[in-house]
Amino acid sequence: MKRKLFSLGYVFILLSSAALLVTACGQAPAGTTGEPTPIPTVVADTQIVAEGRIVPADDVYLSFLASGLVDEILVEEGDQVKAGDVVARLGNREEIEAGMANARSELLAAQQARDSLFENVEVQRASLARAISEANRAVRDAQYNLDNYTVPTNQQNMTAMQAVVEMEKRLNAARAAFDEVKYRPSGDSNRKRLKEELDDAQSDYNSAVRRLELETTLKEAQARLDKATQDFAALQDGPDADDLAAADARIAAVDASIRSGEAALSNLELVATIDGTVVEQDLVVGQAASPGQPVMRIVDFSQMYVETDDLTELEVVDVSLGQKASIVADALPDLTLNGSVEKIAQVYEEKRGDITYTVRILLDNVDPRLLWGMTVAVTFEE
């Protein structure tokens, strides 16, 4: 480490030593004025000087995320690339692409099946709307017919069903009474009376049945109207929840399969993660690549920095962000560069018994002769 850091105590010792030397000399030699020789002023040099290296703005090693054989190499060393550029590809894409094509067809079918649920709902709504209209008309007609039916006097205190049962009993009794005399001459007064009673009983029974039929028709029409109305209301929120959930689950499963295929295809591509220059390219078409194995290096030379890990805990406290510094490269001793502190590491290292911290300095100007890795001396300005 190169550094100059003198304390006030050290300066005091120098001054005291100089004074003792003057006192020890005794009297001034003959021919002198006898006045003591003035002691030169000692100025403490508190500048911090550290060693460092020239580094670029950023550099990355690229590696594939999948294993396979190299199929394409799209760059050479020295090429400029942008973040997101594909720089190489592995083979074996056909099987994955075929699977994705099948998955996309399945996704289309699943989406169409889901859409058909809503289309069916619209068809069902239209059908139920017609059914509601027809049921309303049937209810209206059945109510009209029932309202215009006159209940016989002998049935007014009975329900329709009670009337049917009671009138059937009377009809059976009248029929049995008439059967006993039906073979008598038509002019027989008893036969004639019983025949009239039978006809009246039959008429009363028919009236009771007609009333029951009218009430039943009204109830059935009302039931159809209620059912159609309920079914129509159930469709207001769209398809059946279970059917819709099953359709959505099918779509989600196929979509996940497609995303998995896309990820597998993406893993076959080597993609630049920063803008920069390809400085190392070790790939050969046909070679086997393994996941995580570095195969290419990209460096961003858009800005150059100096990094020094030479500052101890006693020195780093006197360095601050934005502080100016002058830099002299060992290879170019006649060239002085300027820069400012951009970053001070928060994590320490232990080197040769010292606690040290890494400081990064952005260069204001760069000489084309200055190369990555050159050693420099950094002087931090006060």
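A crossing is left-handed if the near helix is turned anticlockwise from the far one by less than a right angle. I wrote that down before opening this model, which is a predicted one.

**Entry 1: two helices**

I looked up how α2 and α4 meet. Two packed helices are described by the angle between their axes and the distance between the axes. Helix α2 covers residues 93–147 and helix α4 covers residues 189–234. I got an angle of about 155° for the pair, and their axes are 8 Å apart. Angles over 145 degrees count as roughly antiparallel, and α2 and α4 are therefore roughly antiparallel to each other. For the handedness, I noted that α2 passes α4 in a left-handed crossing. Then I sorted the residues in their contact by class: 15 are nonpolar, six are polar and five are charged.

**Entry 2: an open sheet**

Next I went for a sheet of four strands. In what order do its strands sit? I read β5-β4-β2-β7, in an open sheet with antiparallel pairing. The edges are β5 (269–271) and β7 (288–289), and each of them pairs on one side only. I checked β2 (residues 68–73) against β7 and found two bridges joining them. Here G68 stands opposite A289 of β7.

Last, I followed β10 (residues 332–344) and its partners. Strand β9 (residues 324–329) pairs with β10 over six bridges, in the antiparallel sense. I saw that a hairpin of two residues links β9 to β10. I327 has L337 in β10 as its bridge partner. I also traced five bridges from β10 to β12 (residues 354–363), again with an antiparallel run. There K343 has R360 in β12 as its bridge partner.

How values were computed: Residues numbered from 1 in each chain as written. Predicted model: local features only at pLDDT ≥ 70, side-chain atom pairs only at ≥ 80, totals over all residues. Heavy atoms only, no water. Axes fitted to C-alpha atoms, helices over the stretch in contact; angles between N-to-C directions. Parallel < 35°, antiparallel > 145°, perpendicular 65-115°, else oblique. Nonpolar A, V, L, I, M, F, W, Y, C, P; charged D, E, K, R; others polar. Pairing = 2+ DSSP bridges.
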